[in-house]
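Please open the model in your viewer and keep the selection tool at hand. The stops below are to be visited in order.

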Amino acid sequence: MEKFRDLTESFGRLLAVLGTISLLFIMMYIVCSVSSRFITGRPFLGTFELGATFLPLIAAFYYVNTEIHDRHIRATIIYDRFSPRVRQLLDTMYAFTAGIIFLVVSWRVCLFGIRNFEMKAETSVLALPSAPFLFVYSFLMLNFALFMFVRGGERAGWIASADTEEKKA
Amino acid sequence: MDPFVIGSIVISSLLLLILLGMPIGIALFFTGFIGYWAATDLITSLNYVTIKGYGILNSFSFMCIPLFVLMGLVAAEAGFVSLAFDTAKKWLSRVPGGIAQATTLASAFYGSVSGSSAAMAASMGVIAYPEMRKLNYHPGFSASCIGIGGTIGILIPPSVPMIFYGIIMDTSISKLFIAGLIPGIILTVLLLITIWIIVLVRPDVVPQHTEVSYTFMEMIISLKNMIPILVLFGIVVGGIYGGFFTPSEAAALGAFSAFMMGFIVRKLNRENIVKILKEAGLISGMLFMVIWAAHILSDFCIVSGLGQQFGDLIMGLGLPNWGILVAITVVFLILGMLMEVNALFMITLPIFGPIITDLGFDLIWFGVFGTILAEACLITPPVGLNVYVLGGVATDTTIENIFKWILLFIPAILILLTLVVIFPSIAIWLPSTM
Amino acid sequence: AAAKTYTFKIDTFWGPEFHAVKNSILPALEAIEKESAGQIEFKPFFAQSLAKSTEGYDATAMGMVDIYTLTGPNYETGSMTRGAIFSLPFSLPLGKENVKAATNIMKQVYEEQVIEEIDKNIVVVGLGVLSEYRYMTNNKVEKFEDLNGMTIRSSGGYHDDIIRAANASPEAMGPGDIYEALEKGILDGVFHTYAAQFGWGTFEPMNYSTDLGLATFPYYTVMNKQKFDSLPDDLKAILLKNFSVSGVETAFSYYNNEEEHFGEMGLEEVVLDDAVKQQFYEATILPVWNKWIAECEERNIDWRAIIKSLESAWKANNLEPPNTWVSLAD
Ligand code: NA
Ligand code: NA
């Protein structure tokens, strides 16, 4: 189980790298479009559409890594006053709730992907097929859901916790 | 079920879950989804997730958020920000809280390039927060100065909420933009005054006077340290106003230019580039989760018919004109506690727009009025996007603490609101000259 | 006994103050509520507040929204390939005098050729057109060559191809950026309706309007099929009748709004002589239609039959269809 947990963490970091590559790609696409418009008078087609289409993926690429580093935002004013036992219980609940939520999102977005695939739906400017983006997004949601279940198991004490120095880094 | 009943249940469960330490994104989604379910049915709410699970973030207007964050991080890591703060420190060493005021002022200028409050708050957060902390400014106070500075951005053109308003109310977007300028400047002044008062009452939140005093010559020489940040800012502002790119494209150009400048002055290496990219990813993951989930809660508010309910309630009271205006303000503030800005406009404007028109108010004026109220919505708990943003960026303080400090700026917003009601020409004089 | 009541959520691209909402959508809703003696009630939502215009088609099919009024090209890619013929240059007669004919033509072709591709969970309860899409520019467009190298704001879809056929670059800019972009020369013009530019207040930096209607956009009112089928026949008829009227009224609202406000927009109208117009048509119509044909072939759609249907619909309305596209099917 611990091996599996380590694997999910490494995979989460890899996804964050993909997110950054996508972000830099969009940045460069916009920069090149603006430059092209300035130099040749012709912007690249579909800058706005490309950015919009990639944005959900960029966000989803980052979710696991943000969770690994405990950077998903929360208020701890009352939480901090609870005993470690209560906190453990709450944290376990939160992780499983998140797991269920993202499982539902993954399932529904996958259905939407199938619908788009069957309709051969495309974006309106660049005619990018919509289905692959939805499937990737659905996969990322599934991955995040699984990660949160592992987290839940870790917090419940069923899986040994990965409280190593890298977490504090 | 009655919208008020569902609404009250949803808001109290949200508050409870947030206070119990549930991650805010999860709490927003959970309560928003359950609310949507209660307002419609299970199948409809699942189909809602089918479309909006991906669809909410499928919008170019969010793209500026990670890119402005990236720009801020590069500027900070390349040392441009420390240099600028060093100059500010020398010039403002005798002014208690001077750096806080300078940061708010910088936010106002920054507002002229970005129309998104969250993007500005996040970007200014990574730029200014660490420097303010280095100078021993109080964490919550520092974060709140940056967070409130971010709200000026939606009043000073360009402004995403005003574009929304223009489309919903079929009102000239360009006139709205111009109309926001003077109120934006007045707000900036009011915020500076607020900071001054806070510092008078609580001198402990700012660093004490240093014994070191700087000569005039030192101050003049230090101005050269402002050059990098001014060049970067000049590229972005000059690019927009010189007609090289649009405000929507500015964030990409800003981030790219920051990288280029960092390379030119040889302040970027493998190590700190990795650090920048990693931090940009962490902040983006945090922000998008909350933004995504905040929209889900907002969509619940829309579908539940809360807006209509409030509209009927107000019209049923038989109030005079000013009474209706006060009532609308109260409703905006109540709904604004729960919703992000664009959704707030979507739910309130279709109901209040016609009422306002019937009462003979100017729609451009009401656009400014609504945008000022929207600023309050960005900082009021439990759903205060700017506070969440700062909470994510400022890792050594808590969102409760930021909420506590930032609410001190609410009077400034209410004063501006009152001024705009008493002297409508603050808002409508400039557009009338167009 | 009290009759059963039906409540429907309706959403639209436009805001509540938009002229077409006031003149065509809201009156239709009121008429339906009245004629059904309150059995049908609407919960109107505006400005894409339940679903974005790009999501309206799917949202209706899935029952997230009961009724949605769709405009713009977004729903066409994937959802409607056959129906995209209505966005092609000169597929429909333009001008206020042709609003009724254009709507009838659309209706006929829709029944004969388009309906089969509509999602099985959707009923089109009303359809129509908007006003003409024209070039509104900073610099004068008098000749076909004048558009060469210009950057033109486009609504996407086949309108991109119309602009590209004139050697200009389409740019999909949001309404908030248009004004500044025109003022600073990032944009040289827009391909749009007067009504929308007036509404957004983006017309001020523009100087000229070229009198060259090339295309319009189809406009559909779609309804979730289960919700529609839940109605008894008499209520269905009331709904269909009024949304059908609304389809025509939307176009009239556009044209009337333009007549009322064109003067205020301060645009100099560039009137082209027929030879120049012809040059525009020939340069624009074929490439765009060919692209649509290619799209149809990719999806195994009998595009010839659709063109034939369109041709006969023009003739049924006593209009002569442009030979440019008629000859494509021969
Ligand atoms: Na701004
Ligand atoms: Na709020």
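Select Leu200(B) to begin: this residue is exposed, with a relative accessible area of 55% (exposed means over 50% relative accessible area, buried under 20%, and partly exposed in between, with a 1.4 Å probe and protein chains only). Leu200(B) lies in helix H10 (residues 173-201) of chain B; helices are DSSP runs of H or I with at least four residues, numbered from the N terminus.

The model is predicted: local features need pLDDT of at least 70 and side-chain atom pairs count only at pLDDT 80 or more, while totals for chains, interfaces and linings use all residues. Residues are numbered from 1 along each chain as its sequence is written, chains are lettered from A and ligands numbered from 1 in the order in which they are written, and side-chain values use heavy atoms, with hydrogens and water left out.

Now select the sodium ion (ligand 1). Which protein atoms are its donors? They are the O atoms of Gly111(B), Ser114(B), Gly153(B), Ile156(B) and Pro158(B), lying 2.2 to 2.4 Å from the ion; for Na, donors are N, O and S atoms within 3.2 Å, and water is not among the atoms, so sites may look incomplete. Ser114(B), in the loop between helices H6 (98-110) and H7 (117-134), and Pro158(B), in the loop between helices H8 (139-152) and H9 (160-169), are 44 residues apart in chain B. Both Ser114(B) and Pro158(B) are buried.

Proceed to helix H19 (residues 385-393) of chain B, where nine of nine residues are buried. Its cover includes H7, H8 and H14 of chain B.

Finally, move to chain C and select Thr60(C), in helix H2 (residues 56-61). Is Thr60(C) buried or exposed? Thr60(C) is buried, because its relative accessibility is 0%. Beyond neighbours within four places in sequence, its contacts (heavy atoms within 4.5 Å) include Val65(C), Asp66(C), Tyr68(C) and Asn121(C).

Methods. Helices (H or I, at least four residues) and strands (E, at least two) are DSSP runs, numbered from the N terminus. Donors are N, O and S atoms within 2.8 Å of the metal (3.2 Å for Na, K and Ca); water is not among the atoms, so sites may look incomplete.
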